[in-house]
Amino acid sequence: MSTKVCALGDLSVSTAKKVVVDGIPIAVVMDSAGAVHALGDTCTHGDISLSEGFVEDDTLECWAHGSKFELVTGKPLTLPAYEPVPVFAVEIIDGDIYIGEKIS
């Protein structure tokens, strides 16, 4: 089951927005190509909100210590983080963004 979190128009290219679904903080990100991704909003290195970080191409960088996470897989590409963040299914229906189940 998917949950409507925001309108597609609420995002812009290379930005992230924090939403909460069933008590889970999620970063909704529009990459440089305009694709929308959803991943866990909490950096696995520290209790830092990833949605406050920087979107570069297909990564989201934690603003505190610089760990970069792949938007598609949630895997960290740089230290100090070494654990991935969860990735969630995304659907766009009638201009609205819906977040579904965790996929990795």
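1. Strands here are DSSP runs of E with at least two residues, and helices are DSSP runs of H or I with at least four residues, both numbered from the N terminus. By that rule D96 is found in strand β9. At 16% relative accessibility, D96 counts as buried, where buried means under 20% relative accessible area, exposed over 50% and partly exposed in between (1.4 Å probe, protein chains only). Leaving aside residues up to four places away in sequence, D96 touches K4, C6, A7, L8 and E91, a contact being heavy atoms within 4.5 Å.

2. A word on what we're looking at: this is a predicted model, in which local features need pLDDT of at least 70, side-chain atom pairs count only at pLDDT 80 or more, and totals for chains, interfaces and linings use all residues. Residues are numbered from 1 along each chain as its sequence is written, and side-chain values use heavy atoms, with hydrogens and water left out.

3. Now the overall picture. The protein chain has 0 helices and 9 strands, so the pattern along the sequence reads β-β-β-β-β-β-β-β-β. The C-alpha atoms fill a box of roughly 40 × 25 × 20 Å along the principal axes.

4. On burial and surface, 39% of the 104 residues are buried. The protein chain exposes about 5500 Å², with carbon and sulfur atoms supplying 52% of it; these areas come from the Shrake-Rupley method with a 1.4 Å probe, and for residues only the protein chains shown count as cover. Of the contacts between residues at least 6 apart in sequence, 37% join residues at least 24 apart.

5. Next, a sheet to look at. Three strands form an open sheet in the order β5-β6-β7, with antiparallel pairing; two strands pair if DSSP finds at least two bridges between them. The edge strands are β5 (54-56) and β7 (68-70), each pairing on one side only. From one strand to the next the twist averages 25°, with axes being lines fitted to C-alpha atoms (for helices over the stretch in contact) and angles running from 0 to 180 degrees between N-to-C directions. Strand β6 (residues 59-61) pairs with β7 in the antiparallel sense over 3 bridges, and T59 stands opposite E70 in β7.

6. Most residues other than glycine have a negative phi, and most peptide bonds are trans. D22 is found in the loop between β2 (15-21) and β3 and counts as exposed at 74% relative accessibility. D94 also has a positive phi, near 50°; D94 lies in the loop between β8 and β9 (96-102) and is exposed at 78% relative accessibility.

7. The peptide bond to check is the cis one joining L79 and P80, with omega about 15°. P80 lies in the loop between β7 and β8 (87-93).

8. Last, a glycine. G34 lies in the loop between β3 (24-30) and β4 (36-40) and is partly exposed, with a relative accessible area of 34%. The C-alpha atoms of G34 and S14 are separated by 8.1 Å, with the two residues 20 apart along the chain.
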